[in-house]
Amino acid sequence: MASSGFQADVRALQKQLAARHLIYQHQHNKQMSCPAMAQLLSNTLYYKRFFPYYSFNVLGGLDNEGKGCVFTYDAVGSYEKVGYSSQGSGSTLIMPFLDNQLKSPSPLLLPAQDAVTPLVEAEAIDLVKTVFASASERDIYTGDKLELVIINAAGIRREYMELRKD
């Protein structure tokens with residue numbers, strides 16, 4: 001889960017989700033699936049809708065079929081399964097760039113189409129680095145460091161990239 005917004009609320013939300021995930025693991029003797037975590041996050045945010053967590057989240061992982069899934073949220077728990085997403089102050093710069101590079105169809109087309117250009121891992125990593133480098137040069141609120149979490153068949157690994165050198 002990647003979050004933007006008020007960091008105290010983000011930490012409180014992460015702590016709440018970690019506790020609920022641990023309870024789930026003890027009750028069911030297995031890890032929670034990404035779609036189940038997506039629903040749990042939505043319910044948790046919706047429960048606090050009158051005094052919401054000021055956090056905007058993107059949740060990614062593998063679904064029950066082993067395919068990648070990405071969910072994007074607003075502050076009160078409304079969520080949508082998408083091919084890719086961005087949250088935070090730089091998202092207004094990042095999303096059009098991703099739309100262009102991934103040749104996403106218009107969300108206004110009916111029936112809805114899920115035709116995101118497939119990328120190999122190295123291309124996807126380079127695209128994310130390029131997008132964030134571009135956003136950080138134009139948005140003063142985008143952070144100084146990028147943390148990429150890469151999930152694949154070999155496991156989970158992290159890469160870091162400095163965004164601003166000034």
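Ser-42 is found in helix H2, which covers residues 34–47, where helices are DSSP runs of H or I with at least four residues, strands are runs of E with at least two, and both are numbered from the N terminus. The model is a predicted one, in which local features need pLDDT of at least 70 and side-chain atom pairs count only at pLDDT 80 or more, while totals for chains, interfaces and linings use all residues. Residues are numbered from 1 along each chain as its sequence is written, and side-chain values use heavy atoms, with hydrogens and water left out.

With a relative accessibility of 9%, Ser-42 counts as buried, a word that means under 20% relative accessible area, whereas exposed means over 50% and partly exposed lies in between (1.4 Å probe, protein chains only). The side chain of Ser-42 reaches the backbone oxygen of Gly-77 at 2.7 Å. Leaving aside residues up to four places away in sequence, Ser-42 touches Tyr-73, Gly-77 and Tyr-79, contact being heavy atoms within 4.5 Å.

Ala-75 lies in the loop between strand E3 (68–73) and strand E4 (79–82), and is buried at a relative accessible area of 13%. Among the residues that Ala-75 touches, not counting those up to four places away in sequence, are Leu-45, Pro-52 and Phe-56. Ala-75 and Asn-100 are 25 residues apart in sequence and 27 Å apart in space, C-alpha to C-alpha.

Side chains of opposite charge can pair when their charged atoms come close. A salt bridge here is a side-chain nitrogen of Lys or Arg within 4 Å of a carboxyl oxygen of Asp or Glu, and by this rule the count comes to six salt bridges. One of them joins Lys-81 to Asp-63, with the closest N and O atoms 4.0 Å apart. Because Lys-81 lies in strand E4 and Asp-63 in the loop between E2 and E3, the pair ties together parts that are 18 residues apart in sequence. Another salt bridge, at 2.9 Å from N to O, is formed by the side chains of Arg-164 and Asp-144. This pair links distant parts of the chain, with Arg-164 in the segment after strand E6 (155–162) and Asp-144 in the loop between helix H4 (121–138) and strand E5 (145–152). Arg-164 is buried, with a relative accessible area of 17%, whereas Asp-144 counts as partly exposed at 46%.

The side chains of Glu-159 and Arg-157 also meet in a salt bridge, at 3.1 Å from N to O. Salt bridges that share partners join Glu-121, Lys-129, Arg-157 and Glu-159 into one network.

How values were computed. Polar contact = N/O pair within 3.5 Å; in protein donor to acceptor, adjacent residues only side chain to side chain.
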